[in-house]
Amino acid sequence: MTRLAYNSPATHASCPRRGISARPTRIGTGRRRQSRILTAAGRRRPGRILTDAARRRPGRILTGAGLVLLPWLGYLAGTLPPVEAAAWVTLDTLEAAALLITGTRLLRGAPGHRTPAAAAVLLLLTDACLDLATATPGTELTTALAMAIGAELPLAALCTTLAARPAQPATAPHSR
C-alpha cells in the first residue's frame, strides 16, 4: 500500500494521505529508462545483452576447456600421491563442471549461465593461486606460471565478463 500511496496521486490512492496535493515526481525517466529490458517477471534489468553471435564463441571456448580438463583428471589421479590426487582431482572436477555447464548453456541459449560462470571464476582463481603456492622453484613453478597466465586467468576473465552480463531475454510473441 505504501508503494501505491507514493506512486499515485493522493486522490486515487487506497489509503489517502493528508497534505499531499501534487502528483509525485517520477524517478528514472529519460534515456536511461529506454535502455532497460523487461524480464519475464516484469522486473527491469539494465546492462548489455548477449546476442546469438556473442554467445557462440565463449560457449565453444568454455565447453572445449571443460572437455580438455577431463583427460587431465585421469592424469592427475594416476601420477599424484593419493592424498594430493584427491584434492586436485576434486578441484579440477568442479572447474570442469562449471566450465561445461556455462559453455553448454551459452551454446543452447539457455538462461542461467551467470551462476556457473561466477563459480568457474572462483575455482579458476583458486586453482591458479594453489598451483603457484605449492610449486617448487624451477620447472614446476615455470609450468604453474605458464598455466596461470596462458589458461586459468584468461578463462577467469572470460567467465567474469559472462557473469556480469545478462543473457538474451526470451522475446514475447507478437500479437497481430
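**Figure 1. Cys-159 and the cysteines of the predicted model.** In this predicted model, Cys-159 counts as buried because its relative accessibility is 0%, a value that falls under the 20% limit for burial. Cys-129 is exposed, since its relative accessible area is 53% and the exposed class begins over 50%. The structure holds 0 disulfides, and Cys-159 is instead to be viewed here as one of the residues that, together with Leu-62, Leu-99 and Leu-155, touch the most other members of the largest nonpolar core.

**Figure 2. The largest nonpolar core, with its most connected members.** This core comprises 20 residues, and those that touch the most other members are Leu-62, Leu-99, Leu-155 and Cys-159. Two or more residues are given to the core by each of helix H3 (52–79), helix H4 (82–108), helix H5 (114–134) and helix H6 (139–164). Helix H4 supplies the largest share of the core, which amounts to 6 residues.

**Figure 3. Surroundings of Leu-62.** When residues up to four places away in sequence are not counted, Leu-62 touches Leu-99, Leu-100, Thr-102, Gly-103 and Leu-106, and also Leu-155, Leu-158, Cys-159 and Leu-162. Among these partners, Leu-99, Leu-155 and Cys-159 are, like Leu-62, residues that touch the most other members of the largest nonpolar core.

Figure 4. Leu-125, Leu-132, Leu-141, Leu-145, Ile-149 and Leu-153 make a nonpolar surface patch of about 480 Å². The elements that give two or more residues to this patch are H5 and H6, and the largest share, 4 residues, comes from H6. Ile-149, one of the residues of the patch, has its place in helix H6 and counts as exposed because its relative accessibility is 57%, whereas the exposed class requires a value over 50%.

**Figure 5. Ala-118 and Thr-102.** Ala-118 is found in helix H5 and is partly exposed, with a relative accessible area of 38%. Ala-118 and Thr-102 are 16 residues apart in sequence, and their C-alpha atoms are 9.4 Å apart in space. Thr-102 is also one of the residues that Leu-62 touches.

Figure 6. Along the chain, Ile-101 and Gly-112 are 11 residues apart, and a distance of 9.4 Å separates their C-alpha atoms.

**Figure 7. Asp-52 and Arg-108.** Asp-52 lies in helix H3, where its relative accessible area of 43% places it among partly exposed residues. Although Asp-52 and Arg-108 are 56 residues apart along the chain, their C-alpha atoms are separated by 9.6 Å.

**Figure 8. The whole chain, as context for the close-up views.** The chain has 6 helices and 2 strands, and from the N terminus on its elements follow the order α-α-β-β-α-α-α-α. Of its 176 residues, 29% count as buried, while the chain exposes about 12200 Å², of which carbon and sulfur atoms supply 61%. Among contacts between residues at least 6 apart in sequence, 61% join residues that are at least 24 apart.

Technical notes:
Residues are numbered from 1 along each chain as its sequence is written. This is a predicted model: local features need pLDDT of at least 70, side-chain atom pairs count only at pLDDT 80 or more; totals for chains, interfaces and linings use all residues. Side-chain values use heavy atoms; hydrogens and water are left out. A nonpolar core is a set of buried Ala, Val, Leu, Ile, Met, Phe, Trp, Tyr and Cys residues joined through side-chain atoms within 4.5 Å. Buried means under 20% relative accessible area, exposed over 50%, partly exposed in between (1.4 Å probe, protein chains only). Contact means heavy atoms within 4.5 Å. Accessible areas come from the Shrake-Rupley method with a 1.4 Å probe; for residues, only the protein chains shown count as cover. Patches are made of residues with over 30% relative accessible area and no salt bridge: like charges are joined within 9 Å, nonpolar side chains (Val, Leu, Ile, Met, Phe, Trp, Tyr) within 5 Å. A salt bridge is a side-chain nitrogen of Lys or Arg within 4 Å of a carboxyl oxygen of Asp or Glu. A disulfide is a pair of cysteine sulfur atoms within 2.5 Å.
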